[in-house]
Amino acid sequence: MEKRYIGNENQLLTARRVTYTEGMSQGVRAIELRNGNGLYATCVEDQCLNLFDFSYKGINFAFQQKNGLVSGRYFNGGAPEFNYYWPAGMMYTCGLLNVGPGKVMSDGMFHPDHGRIGMLPATDVAITRDEKGVTITGTVREGMLCGYNLELKRTIRFPANDKKIIFEDTLTNLEPQATEFMLLYHMNLGYPLLTPESRVVKGKGGGYSIHTKGPIPENWQKCWEPEDHKDEDLFCHENTPDAEGYGYGALINEKLGLGCYIKYHMENLPWLMHWRNMCSHDYVIGIEPSNNQVLGRDNERENGTLQTIGGYETKTFRVEIGVLDGAQEIAAFEKMVKSL
């Protein structure tokens, strides 16, 4: 970059703290990100540094729930109210004790739908910026008296001259005993990237339908027009990693000439969940790297898919969200995925 062309770095790379002032989002703190490639995103400090807005050259990629960005003061982790307070957005963090349906366990503890971590505020949030891009770091703690104590340290990298954003997370068990945990990166893709012309792409591998307990239908890749009161689909995909251990999924809209890919390291995220909701006003495709099959804490334990983290152990997770722009990038991505 020729520095003499600009007066302020914000012309090309923005990292700006904002606070919302209206409606159910009043008081929520976030960080606006914008780069010279036309990528715009917001990371919500008050909600696990989740990724809410995500657009490219003015075209929205993210689904937002009817209530929009909802403040944590409306969050009730002791009642089944997930569908009221869940904001959706581009990436919502689910866990750390539960992913899937909420339930009262045999010990009397209630685990809400998709857990609590996604609505907990980050601490020690820091923003650094240089010519390569913006780096955001923060910590989210989830624990309880006489119980578990888990710490999620999140690093977000937003390059100055690229079309992607990278999440690098470390999860540490701060107790001496092992703890069962669940973690899912709930990616939510919406209109106008999502239309009947869109389709889902992923690597090779099997899987099954969560709702029917049977095989994934042949039309799993397809999308269609919104339908009133249409039931949702939920598929659990296996995937084939590349030489570095990464799996891939994407939503592609060739009519629009755009796609959004999800790249995730499969060592600690072995599953790719696929949520297809073609219902009017809830029109969304979820492409969701996960360490579980979204069955709920008790069912995962019975299924043998409930993972543990040892005493004082640390596990790492890496997820990248990026843009495919134009027929050439889309074709190259599909060729790469099919070669795995």
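Predicted model: local features only at pLDDT ≥ 70, side-chain atom pairs only at ≥ 80, totals over all residues.
**Strands, rings and spaces: how do we know?**

Biologist: Okay. What makes β13 and β20 a pair of strands?

Modeller: Two strands pair if DSSP finds at least two bridges between them. β13 and β20 have three bridges and run antiparallel, so they pair. The names come from DSSP runs, numbered from the N terminus: helices are H or I with at least four residues, strands are E with at least two.

Biologist: Which other strands pair with β13?

Modeller: β6 (residues 91-96) is one, antiparallel to β13 (residues 179-189) over six bridges. In that pairing Tyr92 faces His186, and Leu96 has Met182 as its partner. β21 (residues 307-309) also runs antiparallel to β13, joined by three bridges, with Glu180 opposite Thr308.

Biologist: How do you know whether β6 is enclosed or open?

Modeller: Buried means under 20% relative accessible area, exposed over 50%, and partly exposed in between, with a 1.4 Å probe and protein chains only. Six of the six residues of β6 are buried, so the strand is largely enclosed by the rest of the structure. β13 is mostly covered too, with 10 of its 11 residues buried.

Biologist: Which other non-glycine residue has a positive phi?

Modeller: Cys48 has one, at about 60 degrees. Cys48 has a relative accessible area of 1%, so it is buried as well. Cys48 lies in the loop between β3 (39-44) and β4 (50-56).

Biologist: What about peptide bonds: which ones are cis?

Modeller: Gly95 to Leu96 is cis, with omega near 0 degrees, and Leu96 belongs to β6. Tyr191 to Pro192 is also cis, with omega near 10 degrees, and Pro192 is in the loop between β13 and β14.

Biologist: On to rings: how do you decide that two of them pair?

Modeller: Rings of Phe, Tyr and Trp (its six-membered ring) pair if their centres lie within 6.5 Å; planes under 30 degrees apart are stacked, over 60 edge-to-face, and the rest tilted. That rule gives 10 aromatic pairs.

Biologist: Why is the Phe75 and Tyr85 pair called edge-to-face?

Modeller: The centres are 5.0 Å apart and the planes 90 degrees apart, so this is a pair, and an edge-to-face one. Phe75 is in the loop between β5 (59-60) and α1 (82-85), Tyr85 is in helix α1, and 10 residues separate them. Trp86 and Tyr92 are edge-to-face as well, with 6.1 Å between centres and 90 degrees between planes. Ring pairs join Phe75, Phe82, Tyr85, Trp86, Tyr92 and Trp275 into a cluster.

Biologist: How do you know that Lys263 lies over the ring of Tyr246?

Modeller: NZ of Lys or CZ of Arg must be within 6 Å of the ring centre and within 35 degrees of the ring normal. Lys263 lies over the face of Tyr246, at 4.6 Å from the ring centre.

Biologist: Last one: which elements give two or more residues to the lining of the largest pocket?

Modeller: The lining has 23 residues, with Phe82, Asn83, His114, Glu232 and Trp275 nearest the pocket's centre. The elements you asked about are α1, β19 and β20 (282-290). A pocket is an open set of points on a 1 Å grid over the protein atoms alone, where a 1.4 Å probe fits, with protein on both sides within 12 Å along at least five of seven lines; lining residues have an atom within 4 Å of a point.

Technical notes
Residues numbered from 1 in each chain as written. Heavy atoms only, no water.
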